[in-house]
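Thanks for coming, everyone. I would like to take a few minutes to walk through some local features of one model, so please have a look at it before I go on.

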Amino acid sequence: MKPKVIKKILIANRGEIALRIHRSASEMGIQTVAIFSDADRRAPHVLHADEAYALNGNLSNETYLDIKKIIDIAQANHCDAIHPGYGFLSENADFVDATTSGGLIFIGPSSAAMRSIGGKTGARELMAKANVPIVPGTTYPLKDFTEAAKVAKSIGYPVLIKAVHGGGGKGMRKVDEEGELEQSFRQAKSESKSSFGSESLFIEKYLQNPRHIEIQILADMHGNVIYLGE
């Protein structure tokens with residue numbers, strides 16, 4: 001079967017990342033469609049796109065996290081693909097399934113890959129099973145604050161409370177001592193809910209002055225994989 005040619009993409013995001021996606025797509029001769037909340041009506045990512053459509057609302061869960069609205073806009077305006085950017089729905093496997101079921105290409109990992117490592121606890125569990133060393137902490141979402149307090153005490157402060165889904169530092173709080181835990185837990189939970197549509201949190205030990213080594217890996221739907229160095 002001949003691969004579908006991408007001529008027009010919907011950018012399911014806002015701000016700087018949406019502008020970067022638009023710039024790259026334009027250089028490739030691909031048209032872009034922006035979406036926007038009421039507050040973003042005159043935002044740069046809206047003004048630079050070839051087309052732009054309102055999501056009608058301001059809260060994340062009624063705009064940039066509303067899967068049905070986004071798919072409907074993409075289909076109604078003859079898009080070939082959706083690029084999620086980062087944050088919002090970029091690590092939501094249900095969004096991937098909805099995109100492909102709607103006859104659109106999802107520019108990103110498959111839903112199967114995303115379900116296995118999209119949530120940070122799932123990724124930690126996968127690494128632990130493969131005997132890869134991981135930072136001490138939970139490999140499952142915390143049930144409640146009581147469990148969070150028990151885990152934090154067992155691994156020792158300082159700890160990090162982190163959102164299971166999403167990224168970009170949202171839903172993350174460093175906790176230096178027990179007295180700070182409850183407020184930090186509530187704040188991380190609220191931020192995770194508003195940013196990623198999920199209240200799931202986990203805890204891991206906070207590492208002082210770590211060295212971060214990251215390797216970028218790119219793969220396509222045909223099984224080609226390359227890495228871009230450290």
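Let me begin with the naming: helices (H or I, at least four residues) and strands (E, at least two) are DSSP runs, and they are numbered from the N terminus. What you see is a predicted model, in which local features need pLDDT of at least 70 and side-chain atom pairs count only at pLDDT 80 or more, while totals for chains, interfaces and linings use all residues. Residues are numbered from 1 along each chain as its sequence is written, and side-chain values use heavy atoms, with hydrogens and water left out.

I start with the backbone. Asn209, which is found in the loop between strand 8 (201-205) and strand 9 (217-219), has a positive phi of about 50 degrees although it is not a glycine. Asn56 also has a positive phi, here of about 55 degrees, and is likewise not a glycine; this residue lies in the loop between strand 3 (51-54) and helix 3 (67-76).

Now to the charged side chains. Side chains of opposite charge can pair when their charged atoms come close. By a salt bridge I mean a side-chain nitrogen of Lys or Arg within 4 Å of a carboxyl oxygen of Asp or Glu, and by this rule the count comes to 15 salt bridges.

Which residue does Lys8 meet in a salt bridge? The partner is Glu51, at 2.7 Å from N to O, and the pair links distant parts of the chain, since Lys8 is in strand 1 (residues 8-11) and Glu51 is in strand 3, 43 residues apart. Lys8 counts as buried because its relative accessibility is 11%.

A second pair is Asp97 and Arg115, whose closest N and O atoms are 3.0 Å apart; this one links helix 4 (residues 93-101), which holds Asp97, to helix 5 (residues 111-117), which holds Arg115, across 18 residues. Asp97, at 27% relative accessibility, counts as partly exposed, as does Arg115, with a relative accessible area of 48%. Both belong to a network of salt bridges that links Asp94, Asp97 and Arg115.

Lastly, I turn to Lys162 in strand 6. Is Lys162 buried or exposed? With a relative accessibility of 14%, Lys162 counts as buried. The side chain of Lys162 makes a polar contact with the side chain of Glu204, at 3.1 Å, where a polar contact is a pair of N or O atoms within 3.5 Å; within protein, one must be able to donate a hydrogen and the other to accept it, and residues adjacent in sequence count only if both atoms are side-chain atoms. Taking contact to mean heavy atoms within 4.5 Å, and leaving aside neighbours within four places in sequence, Lys162 is in contact with Gly171, Met172, Ser200, Leu201, Phe202 and Glu204.

Terms used:
Buried < 20%, exposed > 50% of the residue type's maximum accessible area, 1.4 Å probe, protein only.
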